[in-house]
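Welcome, and please load the model in your viewer. We will go from one selection to the next, with a short note on what is there at each stop.

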Amino acid sequence: MENNIETKYNKLIIVLSVAIPAVVAVLFGINLRKLGYDVQPLSMLPPIYASINGLTAVVLIAAVLAIKNGNRKLHENLMKVAIACSVAFLGMYVAYHMTSDSTKFGGEGIIKYVYYFILISHILLSIIIIPLVLTTYVKALSERFDKHIKIAKITFPIWLYVAVTGVIVYLMISPYYVH
């Protein structure tokens with residue numbers, strides 16, 4: 001039986017899980033410069049948001065180690081940091097793409113297929129991770145730790161994959177950025 005906290009947040013989880021990818025997709029397609037706005041490309045953001053992805057991965061691992069060592073408060077704080085990092089990444093990612101032209105990957109041969117496999121899996125899993133993170137968080141918030149642990153075992157590796165592949169995608173495409 002779900003408790004009141006879970007019931008309260010379930011609709012919000014559904015709304016955010018649909019709205020976030022939809023809004024990102026719409027904003028990704030809007031280039032303020034092409035719409036006539038006098039904005040400078042935020043070309044300094046990709047290495048920053050790639051670093052935030054890397055930091056997210058480190059924080060996720062530290063959070064798992066904290067809970068395995070029985071430090072629940074540290075785990076909780078680190079998970080809040082990981083969520084904040086993901087939100088910061090998303091804001092910077094959208095801001096960059098709203099002010100800059102998309103960069104085409106210039107690699108050829110097998111590396112091109114590797115890049116697109118990593119990119120596509122990263123994008124798809126970044127959509128899937130939204131409801132997983134939110135549900136995992138709400139299970140902890142509602143002190144349903146049995147269910148929290150069960151879903152966290154699915155959420156953690158996917159979120160870690162998304163964070164790490166975000167860095168890999170950046171490293172692979174960065175030689176092709178126009179400065």
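**Salt bridges and a helix pair**

The structure holds five salt bridges, each one a side-chain nitrogen of Lys or Arg within 4 Å of a carboxyl oxygen of Asp or Glu. Before you select anything, note that this is a predicted model, in which local features need pLDDT of at least 70 and side-chain atom pairs count only at pLDDT 80 or more, while totals for chains, interfaces and linings use all residues. Residues are numbered from 1 along each chain as its sequence is written, and side-chain values use heavy atoms, with hydrogens and water left out.

**Stop 1: Glu 6 and its partners**

Select Glu 6 and Lys 139, whose side chains meet in a salt bridge at 2.4 Å, N to O. This pair links distant parts of the chain, with Glu 6 in helix H1 and Lys 139 in helix H4, 133 residues apart. Helices here are DSSP runs (H or I, at least four residues), numbered from the N terminus.

Is Glu 6 buried or exposed? Glu 6 is buried, at a relative accessible area of 1%; buried means under 20%, exposed over 50%, and partly exposed in between (1.4 Å probe, protein chains only). Arg 144 counts as buried too, at 16% relative accessibility.

**Stop 2: Asp 101 and Lys 34**

Next, select Asp 101 and Lys 34, where the side chains meet in a salt bridge at 3.6 Å, N to O. Asp 101 sits in the loop between helix H3 (72–99) and H4, and Lys 34 in the loop between H1 and helix H2 (45–68), 67 residues apart. Asp 101 is partly exposed, with a relative accessible area of 41%, and Lys 34 is exposed at 67%.

**Stop 3: H1 against H4**

Finally, show residues 4–28 (H1) and 110–141 (H4), which pack at an angle of about 165° with their axes 9 Å apart. Axes are lines fitted to C-alpha atoms, for helices over the stretch in contact, and angles run from 0 to 180 degrees between N-to-C directions. That angle makes H1 roughly antiparallel to H4, a term for angles over 145 degrees.

To see the contact (heavy atoms within 4.5 Å), pick residues including Tyr 9, Ile 13 and Leu 16 in H1, and Ile 127, Ile 130 and Leu 134 in H4.

Conventions
Helices (H or I, at least four residues) and strands (E, at least two) are DSSP runs, numbered from the N terminus. Angles under 35 degrees count as roughly parallel, over 145 as roughly antiparallel, 65 to 115 as roughly perpendicular and the rest as oblique.
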